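User: I've got a model open on my screen and I'd like to learn how to read its helix packing. Could you walk me through it?

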Amino acid sequence: MDAYVDFILRLFVAGAMGVLIGLEREYRAKEAGYRTHFLVALGSALIMIVSQYGFSEVLEPDLVRVDPSRLAAQVVSGIGFIGAGTIILQKQVVRGLTTAAGIWATSGIGLAIGAGMYTVGIAATVLVLLGLEVLSFFFKSLGIHTLILEFSTDSRDSLKRVANKLRTENYLVVSYEMSEESENGRLAYHVNMTVRSKRMNEEGLVLMLLQEFPDVTVKKVV
């Protein structure tokens, strides 16, 4: 196989593996989707190819030796900047760690395929997808999920009833912030709650509040 055809094939396979992982993240509406993962995998493969073969013409035999792992090592450390951009700290809740780890793994897959290790790169892609989907399916009930609930009401009594209802539904209220504002001559209470539960059911939480507390206006559940 011609060397440049092989290089293009490596880039194509690396990009395809990045898209597969990115589609899973896109499906779950995460910060980095298929385009980000595609670029990370493709760029990592390109850097590995350049690291291995890009300097052959300027080297003299038996005089200069190049360590291709040095340039690849910079990818591993540099990809942390992209991963850090997907991590969000909001109201004592850290989000985006899994996506950041996925980007880091995708860069490793790109490096492996860029080095010509197709089997290892494809196998790693399969394992990443299994880890993201299969593990979360089987062990979903074991984890503790954190939700941020924002709502408003003009009844102070409703605040206590909402808090009591959350406790009876096995939601743990971690933090609680309330502010008072005057709206149309009436006093309104704006509440921001951080709650934790073993169930990841934002829709059920919103429906429960809307049905049982008609005077409560839910603004956001994330």
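Predicted model: local features only at pLDDT ≥ 70, side-chain atom pairs only at ≥ 80, totals over all residues.

User: Where does Phe213 sit, then?

Analyst: Phe213 is in the loop between helix H7 (202–212) and strand S6 (216–221). Its relative accessible area is 4%, so Phe213 is buried (buried means under 20% relative accessible area, exposed over 50%, partly exposed in between, with a 1.4 Å probe and protein chains only). Setting aside neighbours within four places in sequence, Phe213 touches Arg161, Val162, Lys165 and Met208, where contact means heavy atoms within 4.5 Å.

User: How do I read the packing of H1 and H2, and at what angle do they pack?

Analyst: Two packed helices are described by the angle between their axes and the distance between the axes. Here H1 (residues 3–27) and H2 (residues 34–53) pack at about 155 degrees, with axes 7 Å apart. Axes are lines fitted to C-alpha atoms, for helices over the stretch in contact, and angles run from 0 to 180 degrees between N-to-C directions. H1 and H2 are therefore roughly antiparallel (under 35 degrees is roughly parallel, over 145 roughly antiparallel, 65 to 115 roughly perpendicular, the rest oblique).

User: What is the class make-up of the H1–H2 contact?

Analyst: It has 14 nonpolar, five polar and three charged residues. Ala, Val, Leu, Ile, Met, Phe, Trp, Tyr, Cys and Pro count as nonpolar, Asp, Glu, Lys and Arg as charged, and the others, Gly among them, as polar.

User: And how do H2 and H4 cross?

Analyst: Their axes come within 7 Å and cross at roughly 35 degrees. Among the residues that meet are His37, Val40 and Ala41 in H2 and Thr106 in H4. By class, this contact has seven nonpolar, ten polar and no charged residues.

User: Is Thr106 buried or exposed?

Analyst: Thr106, in helix H4 (residues 97–114), counts as buried, at 1% relative accessibility. Beyond its neighbours within four places in sequence, Thr106 contacts Gly18, Ile21, His37, Val40 and Ala41. Gly18 and Ile21 are also among the buried residues of H1.

Notes. Residues numbered from 1 in each chain as written. Heavy atoms only, no water. Helix = DSSP H or I, 4+ residues; strand = E, 2+ residues; numbered from the N terminus.
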